[in-house]
Each structure stands twice: as structure tokens, then as C-alpha cells.
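Please read them with the model open.

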Amino acid sequence: MFEKALKGNNYYWMWLAFLGFFIAVAAVCYLRQYFYGLGLTGMSRDVSWGLYISQFTFLVGVAAGGVMLVLPYYIHNFKAFGKITILGEFLAIASLLMCLMFIMADLGQPLRGLNVMLYPTPGSMLFWDMCVLWGYLILNALCGWVILTAERKQVHPPKWIYFFVYLSIPFAFSIHTVTAMLYCGLPGRHFWLSAIIAPRFLASAFAAGPALIVVMALILKKVANFDAGKEAINKMVTIIIYAALANMFFVGLEFFVGFYSNIPGHKHTLQYLFFGLEHHGHIYNNLVPFMWGFVVLFFVGIALISHPYTRKQSDLWLGLGCASIFIAFWLDKGIGFVLGGFVPTPIDEIVEYYPTFNELFITIGIWATGFFILTILYKIAIGVEHEIEA
Amino acid sequence: MDEKRRNFLKVAGISTLAGLGGTAVVGRLVAGSGIAHASGSAGHEVEAAKKSSGHGAAPDPSVNRYGMVIDIKKFQQDPSLGEKIVAACHSVHNVPQFPEKKDEIKWIWMTQFENAFPEKPNVYLDEATEEHQLPILCNHCDSPPCVRACPTKATFRNKDGIVMMDYHRCIGCRFCMAACPYGSRSFNWRDPAEFVKDANHIYPRRMRGVVEKCNFCDERVGAGKLPACVEACGESKALVFGNLNDPNSEIRKVLKENHTIQRNPSLGTLPSVFYIV
């Protein structure tokens, strides 16, 4: 089926070349980092995880979000999702590959990465995260490919594949739960040490993932003559609205616990993220614009996708609404959550993190690689779709 | 017996069994990870005491458990002491000195009381504590969160209680740095070789991309010597190092005679470093 990715119009190739440019820049930047060390990033002993791990965390959510198509289709027999389930599965593959690239970019000794398998340590959440991420990646690749092949031959998929389809559903939940456990099981990091982290991660994932799929579906409708169908889009928007509201509810609960209990450790990071934190006469607030961007974009997005006029009137408003939700939750989880957790440090100092250009280019390059893979996978899926219709 | 009641009994019976089995499994997992628990059933406590040599449980005299007492008053009386112990440690272990703070690596360092004990804020701190600094280093916890977090067992708790690093196994994921509630760990953000002055060839230098921290001078203690920082204190007894499991050791005498505190003990990490305030 790969031959379908090799035929395309000029826009297709220009888009791939555009992504390829950023990939090439990132490759050079990564080589620089590889030979110098992670000192080329903005990280320090006080903020020891930066953009790489925060992007990883967010993208695990995007990957898990695909289950919001798989679950209604296979469990509730919601037929309208039949055509676009493959978009969710392929998005999961691309996201997981980005996750793995971000992890590799973050390792101080990337060549020793296999030590995680050579010396398996079940007590470490990172070990389990590796297991579920690889598991979910393999499941999605397997299910996506087998079902697409069957579709192409216009036969029913083999019975055995359904075992793996159903297995992929708990796996989707587990990847983001275990990723939350990387953070919420650490003593002494107050902001992360909260039982609501896993549910909050899932809620924002189930909004951000489907939001990206809606944006993709609307773009594909314009550029690839692929119509996901009104019913499918509507149902997805409903899912996005509820999941987004649940996420904001959980964020609100964090505020309540912190500010009503008035325990300084519970408040500090929230103060730092949203209002700026005063420490020895200096106010630290470099993440404040991002967090208010998150809040504003959430309200803009939710208004656009909830109001019947903008929701039904034009694809443009709907697409902008979904994009707003996606970016809002990226700011929340892909920027604020991970970086904020390091402020203040365990020894009550404040060190602010600023990524370097080298680090930024690697980050952009990994995103570009993900979209490159996604473009090719979607091209194949839609090629098959068109072949059946023809 | 009517149908409803039968079903209820069935379900109740099965869930009780599942519940019992579940607790047993969890109990085994917890015991297996070697973590001493202060609370829990009596049976668990006995098991934990056998497995762990920590002060959270009864000490086992047949196993060494190294610890340190830091007398903050001595550091206030002689402010030059701090510099001496830091220099001694960092030169013995080839700890690099980087020009940029971002790259900083430190094993032991002097800091304010409020930074060492942020969980004990005091607006009316006495002048001596306010003005002077005290040393902080790895606490060599009996239940170390860093060891729990490490995905490759590159950091591990030795049977003598010292939390060690295997620089050759560490993949540089820095999960241990996020897990350490005392900020004791540093990372080699770049090749440290050029930033080590007068390298000590007895102890290995690190490569870039791995985590490092205080090792309680494991290499010196193993050879029957005192840790470098303790030695640097001379006769002042500002630092006392010894076996916490030996009731006749000097450190146990000091602990018996003085009121000591540990850094954030409420986290259940059971630190092996004690402070006389």
C-alpha cells in the first residue's frame, strides 16, 4: 500500500518538502547536541526536564485521544465513525513516534537506551511507560494496517484482529495514566503530587486528540476530497466539549485545594504559572502569558464549537474552534504542567527555564517528523478510500 | 434460597476473595520493593524490620548502615569550615567547576537554613541561624525515591545504606533528579573533563550525560577511611560519620545526647543525615 504515498499533486510534495526542511535543520541541531551534550539546552540541575519531556507528555495524550473514535465505533457500534477510525489510529502512530523521538532527544546517553530493557526495573514508572507506549504503538500499527488492507480488498477484517482492537482500548487509557504516574508519584514536588493528574491528563487528551482529528478531517475535506461525514464530526465535537470541560473542572479543583487549604507548597506553582511568584523581592513570571493564553484560547475554542451558529455555519469556524482547544491544552500540558512543576525547587529556590534555539529547532523538527509520518499515513488511508469508491 | 439471595451471596463471596487476594498481592509487592513502612499491620512490620536496616524499623546490628550528624553550631562558630568541607569533597571526587551556573554540579554545598528546611519556615529565626550557612548533601535515604524512580537500577541502595550511582549504566533520563525531594542530584550537561582542576586519579571522572551526587565517600569508607568532608573538619566534630546500626558507635552516642532533626522527614524517605540545630 505504500505506493499510494508516492503519488501526489504538487501541494502534497511541497508540504512534504516544507516539513523536510525543518527535519533537516533539526537533524543538524541534534548532531550538535549529541556531540556537545544536553548543555546545549536551557535545562539545569534545577529545571532538569524541559521542552522535550513536556512535548512527550502532551503527545502521549494526543496518541491516547484516538481511542475516542475506536471506542464508540467498536464498543457502541457507532457506525458514523467507521470511515475515520483509521485517522485516529494513524494519528496515534505518528504521535507515539514523536514521543519516542522526544525521549531519545532527552536522554543524556541515548546509546544506552536499551538498558531499560536489559535491566528491567518494575518499580520504576518509566519502565512501565516504555512497555505501554511500545504496546500501544504496535497495537495501532497492527490494527490500522490489517483493517485497512481488508478494506482495500473489500472483505471483512479477520476475526482475530478484534482481540487486538479491544485490547488497544485499555492500552490507550494506560499510556496516559502511566505517563501521569511518572509525575504524581514523586514526593516533594507538590504541583505534581496530586491524584487528579491522571484523570486530568485523560480529560485533556480526549479533548486535544479528537480536536486535532477534526482539524485534520476538515483539511482533508478541502485538499484530498475526503469527507468524514457531518454526523461523525458532530459527535466528535460533542466529545471534545465534554472532555474539555472536564479538564477545566479538574484545573479548577487544583486551584480550590491550593488556595482554600492555603498550604504554601500547594499554591506556589499555581501562583508561578498564573500570576507570577514573588521570591526575595523578585517576581518570577515567565510562564504567565502561556497560561493565560491557555485560558483565553479555551474560552474562544469552547464558544466556537458550542455555539450552534459557528459550529454549523462553516467549517472554518469549527476548525478554528478545535484548533484553539488543541493549542490551549498544548499550552496547559505541553508547557505549563511539566515546566511549572520544577518551581520552586526542593530547596526553595526559583530558577526559570528558557529553551535555547538549538533545543527549539530540535523540538520543531520532531513535530515536523511526526506530521511528515502522519501525512504519509493519511495519504495511504485516503488513497485506499478513493480506490474503493472508484 | 431464592435466586436473588443466591446471586448476592455469590457476588459477595467472590468479591471478598478478590479483595483478600488483592491486598495480599499489593502487600507482597510493597514488601518486595524493600520499603520500610511505619504503618501497616503487625505482620508487615516484622517483615519490614527484617528486610530493612532503617531507623524506621528496628536496626539490624549485623549490617552496617552509614549515617552522618551535622552540628550546625560548629559551622556557625567557624564559618571557614564550610568552604573546607566543600573543597575537600569536590577535589577528591573530581567534581568539575563550570563557569556557567546552568551547568553546575555539586555534591555538598553550603546553604541557608530556610533552603535546607523549607518545611520549617520561621519568621522569627534566631540571628545565628539567619546569618550562617549549613551544609547539605545527599541524605542517603533508607527509602530513597530516586532509587524507586530509576528505570535501569543505575542508582541503587547499597546494603550498607549508601545510595550509589553506576555511571556506566545511567542513561541520563534524569528521572532521579525529579524524584529527589532534596535537590541533591546533578547532571553532566557537558563533558566535565576540562573543568576538573588537578584531577584525583584514584577516583574516576564522569562522562557527559550521566547523573552524579554525593556517595558518602563509599570508596574511602570501604578502605577504612572517613569521608573527605568529615576528615576536613579535623577535631571540630562538626561532622560525625558512623554506623547507625551499631548502638556503641560514636554517631549513636551523639544522636543519644543531642536533639537532632532531618530534612523533610514527613515524606517517609528516612534520611540518614541528621542535624543538631
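1. Why does H140(B) count as buried? The reason is its 27 C-beta neighbours inside 10 Å. The cut-offs are these: a residue is buried if 20 or more other C-beta atoms lie within 10 Å of its own, exposed if 12 or fewer, and partly exposed in between, with C-beta atoms placed from the backbone.

2. A word on the basis. This is a predicted model, in which local features need pLDDT of at least 70, side-chain atom pairs count only at pLDDT 80 or more, and totals for chains, interfaces and linings use all residues. Residues are numbered from 1 along each chain as its sequence is written, while chains are lettered from A and ligands numbered from 1 in the order in which they are written.

3. Back to H140(B). The residue sits in the loop between β3 (134-137) and α7 (145-149) of chain B. Helices (H or I, at least four residues) and strands (E, at least two) are DSSP runs, numbered from the N terminus. Leaving aside residues up to four places away in sequence, H140(B) touches Y66(B), G161(B), I162(B), V163(B), F216(B), S272(B) and V273(B). Contact here requires C-beta atoms, placed from the backbone, to lie within 7 Å.

4. Chain B overall. The chain has 11 helices and 10 strands. Of its 277 residues, 42% are buried. Among contacts in chain B with a separation of 6 or more, 62% join residues 24 or more positions apart.

5. The sheet in chain B. Four strands make an open sheet with mixed pairing, in the order β8-β1-β10-β9. Its edge strands are β8 and β9 (260-261), each pairing on one side only. Two strands pair if DSSP finds at least two bridges between them.

6. Pairing of β1(B). With β8 (residues 239-243) of chain B, the pairing is antiparallel over five bridges. G67(B) has G242(B) as bridge partner, and M68(B) has F241(B). With β10 (residues 273-276) of chain B, β1(B) runs parallel and is joined by four bridges.

7. In β1 (residues 66-71) of chain B, six of six residues are buried. Y66(B), M68(B) and I70(B) lie on one side, with G67(B), V69(B) and D71(B) on the other, so the list of buried residues takes in both faces. In β8(B), five of five residues are buried. Helix α11 (residues 250-257) of chain B lies across β1, β8, β9 and β10 of chain B, at about 120 degrees to β8(B).

8. Chain A overall. Its secondary structure is 14 helices and two strands. Its radius of gyration is 21 Å, which agrees with the value near 21 Å for a compact globule of 390 residues. That radius is taken over C-alpha atoms, and the globule rule is 2.2 Å times the number of residues to the power 0.38. The C-alpha atoms fill a box of roughly 70 × 50 × 40 Å along the principal axes. Buried residues are 50% of the chain. Of contacts with a separation of 6 or more, 77% involve residues 24 or more positions apart.

9. The core. The largest nonpolar core has 189 residues, and Y136(A), I240(A) and I325(A) have the most contacts inside it. Such a core is a set of buried Ala, Val, Leu, Ile, Met, Phe, Trp, Tyr and Cys residues joined through C-beta atoms within 7 Å. Beyond four places in sequence, the residues that I325(A) touches include A207(A), A211(A), I240(A), F298(A) and I302(A).

10. A helix pair in chain A. The axes of α4 (residues 85-106) and α8 (residues 197-223) of chain A come within 10 Å and cross at roughly 115 degrees. Axes are lines fitted to C-alpha atoms, for helices over the stretch in contact, and angles run from 0 to 180 degrees between N-to-C directions. L87(A), G88(A) and L91(A) in α4(A) meet L212(A), I213(A), M216(A) and A217(A) in α8(A).

11. Helix α10 (residues 264-274) of chain A. Its buried residues include K267(A), H268(A) and Y272(A). Among the elements covering the buried residues are α9 (230-261) and α13 (315-340) of chain A. After α10(A) comes G276(A), with a positive phi near 90 degrees.

Note on methods
Contact = placed C-beta atoms within 7 Å.
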